[in-house]
Amino acid sequence: MNAMDIVELVTPAELEAAMRDHLARRRLPDEFLYLGPEGAGQWLDLDESAAFGVASDLTDLLRASVADIAAEVPEDVTVVGLGVGGGRKERILLEALPPRPGRRYLAVDVSRPLVETALDAVADLPVDACGATARIDDLDRLRPHAEPPLLLCLLGNTFSNAEPHHLLEAVRRWLAHGDHFLFDCHLGPDPRHDDPAWRREVEAAYGSAENARFNLGPLTARGVPEDACRFSLRLGRVPSRLGPTWRTTKTIRMLRDVEVPFEGGPVRLNEGDAIGMGFTYKHTRRQVIRWLTEAGFGVRALFADRGRTNLLVLAQKGARSHR
Ligand SMILES: C[S@@+](CC[C@H](N)C(=O)[O-])C[C@H]1O[C@@H](n2cnc3c(N)ncnc32)[C@H](O)[C@@H]1O
């Protein structure tokens, strides 16, 4: 992989300033978890960890469905991995598409080390690969780097880390007719009834020691001792336009005063401060389809695993649903 193959739409200096700004307001959105060699390395470890089954279940679902997906999309698609991480899922897709000289692949992530990892992951494939460091919000600026028709992939449950109507609206604006959108998500049970056993299971998976270490990573990588902060995660029901839905709430509680160093000057955190983090929705299958339909997408293909706890959706804007 050549450093010239990566377009930088968000710079390390912008990310450093943004993280300082958020932390000063006691916020730590999830995009900061994956930055730098430490964040990227911790994510890749967690992604492979047996304690975090959601990741491997989604990979298994993609493997089981990939031939059908390849049959649905045009032969000459450009594969775009958005929030690509280590790019293992996009590699599975690229291998399943019919071999074609000059097949284009664009690996996009907020984390430069992850874009580099994703490009390295396809170095032995006959693809014309390039990368971009960009935020999901930068979709508009990515268009010149992505030649249609596109297969936009948002995999690894990243769909669940966003407000669905905002995300789908951004994707719909970005895609042209004829492009495809592929995303996966981990589902929850009917939120009209509580399910304490399921809640405990999810809280245990997301609250494991590995996950806690990953979530504290942006602070510990800057020298904050692990015992100066505590990570907690709760799963509960929140209202939405489509009725109640499951959502995690993640918090870091400071156990003593610390200074977190930044280029623009340190941020002081005080004992007792609660730092609000990102979230993960656990929609039902019906809710996912309704969000898509309301945003103007048609479902081209829908894949679920045996337990019907994970969903993989191939959608197209303006298309009629084939389900
Ligand atoms: C849950 S991981 C999924 C990674 C990968 N797609 C997979 O399936 O393993 C989310 C990915 O999205 C990236 N990410 C998080 N917030 C982002 C943002 N605002 N813009 C772009 N990428 C983001 C992270 O760096 C990370 O690689």
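View 1. The model shown here is predicted: local features need pLDDT of at least 70, side-chain atom pairs count only at pLDDT 80 or more, and totals for chains, interfaces and linings use all residues. Residues are numbered from 1 along each chain as its sequence is written. Helices (H or I, at least four residues) and strands (E, at least two) are DSSP runs, numbered from the N terminus. From α2, Gly36, Pro37, Ala40 and Leu44 meet Pro113, Leu114 and Thr117 of α5, where contact puts C-beta atoms, placed from the backbone, within 7 Å. That contact has five nonpolar, two polar and no charged residues (Ala, Val, Leu, Ile, Met, Phe, Trp, Tyr, Cys and Pro count as nonpolar, Asp, Glu, Lys and Arg as charged, and the others, Gly among them, as polar).

**View 2. Here α2 (residues 36-48) packs with α9 (residues 209-220) at about 165 degrees, with axes 10 Å apart.** That makes the two helices roughly antiparallel. On the α2 side, Glu38, Gly39, Gln42, Trp43 and Leu46 take part, and they meet Glu210, Asn211, Arg213, Phe214, Gly217 and Pro218 in α9. Sorted by class, that's four nonpolar, four polar and three charged residues.

**View 3. Now for the open sheet, built from eight strands with mixed pairing.** Follow the order β1-β5-β4-β3-β6-β7-β15-β14, with pairing meaning that DSSP finds at least two bridges between two strands. At the edges are β1 (6-8) and β14 (297-304), each pairing on one side only. Neighbouring strands are turned by 20 degrees against each other on average, direction ignored.

**View 4. Zooming in on the sheet, β3 (residues 78-82) and β4 (residues 103-109) run parallel, joined by four bridges.** Look for Val79, which stands opposite Tyr105 in β4. Helix α5 (residues 112-120) lies across β1, β3, β4 and β5 (127-133), and runs at about 175 degrees to β5.

**View 5. Finally, 18 residues surround the ligand.** The closest are Glu31, Tyr34, Gly83, Gly85 and Gly156; a residue counts as near when its C-beta atom, placed from the backbone, lies within 6 Å. By class, this shell has six nonpolar, six polar and six charged residues.

Technical notes: Axes fitted to C-alpha atoms, helices over the stretch in contact; angles between N-to-C directions. Parallel < 35°, antiparallel > 145°, perpendicular 65-115°, else oblique. Contact = placed C-beta atoms within 7 Å.
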